[in-house]
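Thanks for coming, everyone. Please look at the sequence and the structure before I start.

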Amino acid sequence: MEVAKVLHMNEGIGEASYAKNSLLQQKVILMTKSIRDEAIAALYRSLSPETICIADLGCSSGPNTFLVISGLIKTIYEECKSNGQKQSPEFHVFLNDLPGNDFNTIFRSLPAFYQDLRKQMGDGFDPNCFVTGVAGSFYTRLFPSQSLHFVHSSYSLHWISQVPDGIEDNKGNIYVSRTSPTIVDKAYYEQYKRDFVTFLKYRSKELVKGGRMILTMLGRNNEGLYSKGCYYIVEPLAMALKELVEMVGPVYKATRICVRTEKRPHPKIASIVTIWQIA
């Protein structure tokens with residue numbers, strides 16, 4: 001199963017939407033703000049482009065979508081002011097996610113985004129910010145060669161491109177659990193390794209020389225293979241699905257269920273922030 005064909009967060013702005021249930025992701029974005037600010041300021045000082053091209057990969061929809069972008073624009077604006085520049089550069093922002101993402105909600109939010117930028121920066125500020133939606137998997141080529149100055153992705157790269165081959169023996173499980181055979185763990189590991197290498201290969205072609213890339217990913221704060229955080233989140237779902245399958249059909253069908261959920265990590269699960277610079 002190709003994840004790109006089925007995966008998306010809950011649409012809209014209702015109570016069950018991703019927009020109303022992504023406070024954890026917002027907290028992570030705020031925690032990593034100083035890292036992004038330092039990287040984008042250093043990039044502008046070294047390259048001074050007239051137009052800064054920024055890509056946010058795995059943007060989803062809702063308030064978090066514009067939180068990163070507005071922060072980057074504000075940082076450059078302050079950098080220009082401190083240098084006595086009368087005009088900040090233009091910004092071309094590419095918001096990327098899978099084709100099933102709720103891009104309609106994003107585009108409907110653009111007027112409010114521009115209005116909020118002007119409010120933050122003060123009278124007379126012209127954001128000169130042009131936003132484009134880019135639908136597609138970030139495990140494929142998305143942009144022309146050397147067209148991006150800054151790439152950002154937060155809490156998206158734990159999604160792999162497809163269900164790994166060779167996990168048929170993971171009976172009764174919907175994730176890598178303590179009862180999963182070693183071959184299942186290896187299959188997920190190899191799939192993630194292939195995906196991440198592919199991701200880096202394409203981004204290395206799309207970034208300009210001297211460009212920056214910041215990736216924030218889920219991680220563990222210990223070497224234990226099986227995360228209790230995942231257990232607390234996914235195991236109740238697994239139990240519910242098993243019970244459902246037993247009610248509607250043979251138990252063996254449970255081995256064919258594949259679930260992709262928005263992971264909400266346990267507080268003890270660490271985040272990994274990786275900063276890349278294209279030499």
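I will go through confidence, layout, the cores and one arginine.

This is a predicted model, where local features need pLDDT of at least 70, side-chain atom pairs count only at pLDDT 80 or more, and totals for chains, interfaces and linings use all residues. Residues are numbered from 1 along each chain as its sequence is written, and side-chain values use heavy atoms, with hydrogens and water left out.

pLDDT is the predictor's confidence in each residue, from 0 to 100. The chain averages 80, and 75% of the residues score at least 70. Over residues 251–271, pLDDT stays under 50. Where pLDDT is low, the predicted coordinates should not be read in detail.

Now the layout. The chain has 8 helices and 6 strands. Helices here are DSSP runs of H or I, at least four residues; strands are runs of E, at least two; both are numbered from the N terminus. Of the 279 residues, 47% are buried, meaning under 20% relative accessible area with a 1.4 Å probe, protein chains only.

Next, helix α4, residues 63–82. Its 20 residues reach 29 Å from first C-alpha to last, close to the 28 Å expected at 1.5 Å a residue; the expected span is 1.5 Å times one less than the number of residues. Fourteen of the 20 are buried, so to say mostly covered. Just after α4, Gly 84 takes a positive phi of about 80 degrees.

What is inside? A nonpolar core is a set of buried Ala, Val, Leu, Ile, Met, Phe, Trp, Tyr and Cys residues joined through side-chain atoms within 4.5 Å. The largest one has 30 residues, and Ile 73, Phe 91 and Cys 129 are among those with the most contacts inside it. Helix α4 gives the largest share, 8 residues. Cys 129 touches Ile 73, Phe 91, Val 93, Phe 113 and Tyr 114, not counting residues up to four places away in sequence; contact means heavy atoms within 4.5 Å. Apart from this core lies another, of 18 residues, including Leu 57 and Phe 199.

Last, Arg 36, in helix α3 (residues 33–47).

Conventions
Buried means under 20% relative accessible area, exposed over 50%, partly exposed in between (1.4 Å probe, protein chains only).
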